[in-house]
Amino acid sequence: MMHVLAAASSTQQGDLLSRIFVFERYGELVQLLQNSILAGAVLGIIGGFVGVFVMMRDHAFAVHGISEMSFAGAALALLLGYDVVTGSMVGSIVSALLIGILGVKKHDSNSVIGALMPFGLGLGILFLSLYQGRSANKFSLLTGQIVSVDADQLGNMIGGAIVIITILVLVWRPLSFASLDPEVAHAKGVPMRTLSLVFMVVLGIAVALSVQVVGSLLVLALLITPAAAAMQVTASPLRTLLLSVLFAEAAIVGGILLALAGSLPISPYVTSVSFFIYIVCRVIGAIMRRHSASGRSVAEDTDAHHHPAHL
């Protein structure tokens, strides 16, 4: 009996591993889905750029709220037989504008987002419940999937990335000022509401593009975690941006390449890689701060020894 149970357990473990990692005909899959990999690389650039401002402006909650409305828009489009990407984009931008218009102050913003999140999720669940098509289509809206991205879709994604990065570059300095010190920026005449609306629209577009790959529930792994990890190891704005893009690329492209080896959705791989990078950066950041603090202590002790206080 024990041998039978052990054999059954071994078979189950083998089946589980075969679903996670199977590298048979891996090269053919990579070649077949090269547009999807390129699309992931484009999303990594978007996530790296946008994520820096998401963290600076403390908008992690907003990303989640927009993703729920993006899910609702995509689910409605799926139900009505329209383009899911367009539905996702409309839901994202509408919710982003609502947050930007109604929530100028932080406590107002959180209230608006808190109201939108369950509303968007409820609508999405309603639309998916009414949808009678393939269940895989429902599941992919939440958790993402590797799809064969054609040249037109890849071109649209590249165009979206160019628009996002161009807008962020144009408003980089005032947006950074408004994000880091909003009270002083307001006193200096910086157009806070306009900048907020512009950034929220950019964030809405970024969320809609990201949802196509990682799903609406796990978009945080692409638009928040890489930038949060970068901020653990550097305070330099330029290095933060570069590391954020690098970490986002590692998470999305690495997640896609790992997902190609199994039969699971892409999102567990992307989120796992992203979280691993964050944990490593947390450890490195803690070590760096400890060494920095000990170095200051030694310098202060040395200074006190050579320059004793006069009594």
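Predicted model: local features only at pLDDT ≥ 70, side-chain atom pairs only at ≥ 80, totals over all residues.
Is Leu 98 buried or exposed, or partly exposed? Leu 98 is partly exposed, because its relative accessible area is 34%. On this scale, buried means under 20% relative accessible area, exposed means over 50%, and partly exposed lies in between (1.4 Å probe, protein chains only). Leu 98 sits in helix α5 (residues 84-102).

Residues are numbered from 1 along each chain as its sequence is written, and side-chain values use heavy atoms, with hydrogens and water left out.

Start with the whole chain. The protein chain has 15 helices and zero strands. Helices (H or I, at least four residues) and strands (E, at least two) are DSSP runs, numbered from the N terminus. Of the 311 residues in the protein chain, 41% are buried. Take the contacts with a separation of 6 or more: residues 24 or more positions apart account for 78% of them. Contact here means heavy atoms within 4.5 Å.

Now follow helix α3, residues 34-56. Begin with its crossing of α8. The two axes come within 10 Å and cross at roughly 15°. Axes are lines fitted to C-alpha atoms, for helices over the stretch in contact, and angles run from 0 to 180 degrees between N-to-C directions. That angle makes α3 roughly parallel to α8. The cut-offs are under 35 degrees for roughly parallel, over 145 for roughly antiparallel, 65 to 115 for roughly perpendicular, and oblique for the rest. The crossing of α3 and α8 is left-handed. A crossing is left-handed if the near helix is turned anticlockwise from the far one by less than a right angle, and right-handed if clockwise.

Which residues make the contact of α3 with α8? From α3 they include Leu 38, Val 42, Ile 46 and Phe 53. From α8 they include Leu 154, Met 157, Ile 158 and Ile 165. By class, this contact has 17 nonpolar, one polar and no charged residues. Ala, Val, Leu, Ile, Met, Phe, Trp, Tyr, Cys and Pro count as nonpolar, Asp, Glu, Lys and Arg as charged, and the others, Gly among them, as polar.

Ile 158 deserves a stop. It lies in helix α8 (residues 151-170). Its relative accessible area is 36%, so Ile 158 is partly exposed. Ile 158 and Leu 38 are 120 residues apart in sequence, yet 9.5 Å apart in space, C-alpha to C-alpha.

Next comes helix α14 (residues 237-259), whose axis comes within 7 Å of that of α3 and crosses at roughly 150°. The two helices are therefore roughly antiparallel to each other. Their crossing is right-handed. Among the α3 residues in this contact are Gly 40, Gly 44, Gly 47 and Gly 48. On the α14 side, Ser 244, Ala 248 and Glu 249 are among those they meet. The contact of α3 with α14 has 12 nonpolar, seven polar and one charged residues.

Helix α11 (residues 192-214) also crosses α3, with axes within 10 Å and an angle of roughly 140°. That leaves α3 and α11 oblique to each other. The crossing of α3 and α11 is left-handed. Leu 43, Ile 46, Val 50, Phe 53 and Val 54 in α3 meet residues of α11 including Phe 199 and Leu 203. This contact of α3 with α11 divides into 11 nonpolar, one polar and no charged residues.

Aromatic rings come next. Rings of Phe, Tyr and Trp (its six-membered ring) pair if their centres lie within 6.5 Å; planes under 30 degrees apart count as stacked, over 60 as edge-to-face and the rest as tilted. By this rule there are three aromatic pairs. One of them joins Phe 49 and Trp 172 edge-to-face, at 6.3 Å centre to centre and 80° between the planes. Phe 49 lies in α3 and Trp 172 in helix α9 (residues 172-180), so the pair ties together parts that are 123 residues apart in sequence. Phe 49 is buried, at 15% relative accessibility. Trp 172 is partly exposed, at 24%. Phe 49, Phe 53, Trp 172 and Phe 199 form one aromatic cluster.

Asp 58 lies in the loop between α3 and α4 (60-80). Most residues other than glycine have a negative phi. Asp 58 has a positive phi, near 55°. At 46% relative accessibility, Asp 58 is partly exposed.
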